[in-house]
Amino acid sequence: MSDKTMSVREVVGRLRSGMTLGIGGWGSRRKPMALVRALLRSEITDLTVVSYAGPDVGLLAAAGRIRRLVTAFATLDSIPLEPHYRAARERGAFELTEVDEAMFMWGLHAAANRLPFLPVRAGIGSDVMRVNPDLRTVTSPYADASSGFREEFVAMPALRLDAALVHLNRADRLGNGQYLGPDPYFDDLFCEAADTAYVSCERIVDTAELTKEAAPQTLLLHRSSVTGVVETPNGAHFTSCVPDYGRDEAFQKLYATTPYAEFAERFLGGDEHAYQSAVEAWQKERNQ
């Protein structure tokens with residue numbers, strides 16, 4: 001078993017323009033923001049991004065890094081619609097494939113199981129089929145025992161990923177990852193659907209500590225689906241990473257109401273340490 005610890009810079013160094021990139025978390029919850037910020041410091045562009053979208057997509061869209069987005073929504077949770085995503089979409093900055101949340105999940109399941117598609121009831125009878133004309137339906141080969149009816153399903157294509165980025169509360173050096181909050185947010189499926197998967201975490205611990213004070217089912221990621229692990233304390237900021245910290249609502253409001261260029265100049269010009277220092281300075285100014 002090998003040590004998979006990496007730096008943020010090493011992770012981004014393995015990514016390339018034109019990749020299909022999956023980003024875990026949900027809306028403005030447990031997003032791998034330190035990795036997203038590092039991606040913004042690179043020259044990587046022309047990405048197909050697959051995400052239950054939040055500020056990860058907002059930042060990448062505002063910076064012009066997305067060619068195509070696959071998502072079920074784009075939200076900051078307490079702010080219903082991600083404003084920088086909306087602005088980029090309104091000016092036609094990227095292609096959009098918008099599907100139902102369940103369809104998105106089954107697309108990840110299909111990719112994780114190396115299947116070309118999976119049948120799903122979600123989407124039937126909705127405008128999902130109209131706005132995604134490339135979607136196809138399949139008829140069950142098995143008739144209902146009582147009626148003889150053969151049900152029709154949406155054939156949700158696999159969401160295969162070149163790379164996945166996720167953020168968890170804890171991980172060990174081998175790539176096993178643990179969430180301690182209320183929801184796994186499908187981060188395991190993102191990693192299993194990807195050719196390579198990189199996990200940022202609040203703290204790297206010894207393997208034995210992963211089950212010392214938490215239930216075994218919190219061990220969300222198995223090392224076999226993880227390529228690299230990065231320790232990034234406060235690395236999900238400004239999204240939540242419960243129970244380590246909640247969402248920074250005040251800073252999120254600042255992000256949502258500030259033009260991207262102005263926000264980037266103040267908070268995204270340096271490395272991750274510079275970002276955290278800039279946030280701390282802003283918080284001190286706000287409390288004076």
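What follows is a short walk through this model, which is predicted.

I will start with the nonpolar cores. The largest one has 45 residues. Those with the most contacts inside it are Val49, Leu59, Leu60, Ile66, Phe251, Phe267 and Leu268. Which element gives the largest share of this core? That is helix α2, residues 33-41, with six residues. Apart from this core lies another, of 40 residues, including Ala122, Tyr185, Leu220 and Val226. As background, nonpolar side chains in soluble globular proteins tend to be buried together.

Let me stay with Leu268 for a moment. If we leave aside the neighbours within four places in sequence, Leu268 is in contact with Arg37, Leu40, Arg41, Leu59, Tyr260, Phe263 and Tyr275.

Two or more lining residues come from each of β2 (47-51), β3 (66-71), β4 (95-98) and β7 (152-157). The largest share is from β7, with three residues. Sorted by class, the lining of this pocket has 12 nonpolar, four polar and four charged residues.

The second largest pocket has about 170 Å³ of space. Its lining consists of Arg170, Gln178, Leu180, Arg203, Val205, Glu209, Leu210, Lys212, Glu213 and Ala214. By class, that makes four nonpolar, one polar and five charged.

Next, the backbone. Where are the cis peptide bonds I want to point out? One runs from His237 to Phe238, with omega near 15 degrees. Another runs from Val242 to Pro243, with omega near 5 degrees. Phe238 is in the loop between β12 (228-231) and α8 (249-257), and Pro243 lies in the loop between β12 and α8 as well.

Last, two residues other than glycine with positive phi. Asp77 has phi near 65 degrees and sits in the loop between β3 and α4 (83-90). Is Asp77 buried or partly exposed? Its relative accessible area is 22%, so Asp77 counts as partly exposed. Phe186 also has phi near 65 degrees, and its place is the loop between β9 (177-178) and α7 (187-192). At 24% relative accessibility, Phe186 is partly exposed; the cut-off for buried is under 20%.

That is what I have; comments are welcome.

Note on methods:
Residues numbered from 1 in each chain as written. Predicted model: local features only at pLDDT ≥ 70, side-chain atom pairs only at ≥ 80, totals over all residues. Heavy atoms only, no water. Core = buried A, V, L, I, M, F, W, Y, C linked by side-chain atoms within 4.5 Å. Buried < 20%, exposed > 50% of the residue type's maximum accessible area, 1.4 Å probe, protein only. Helix = DSSP H or I, 4+ residues; strand = E, 2+ residues; numbered from the N terminus. Contact = heavy atoms within 4.5 Å. Nonpolar A, V, L, I, M, F, W, Y, C, P; charged D, E, K, R; others polar. 1 Å grid on protein atoms, 1.4 Å probe; cavity = no way out; pocket = protein on both sides within 12 Å on 5 of 7 lines; lining within 4 Å. Points joined across faces, edges and corners; volume = space filled by probe spheres on them.
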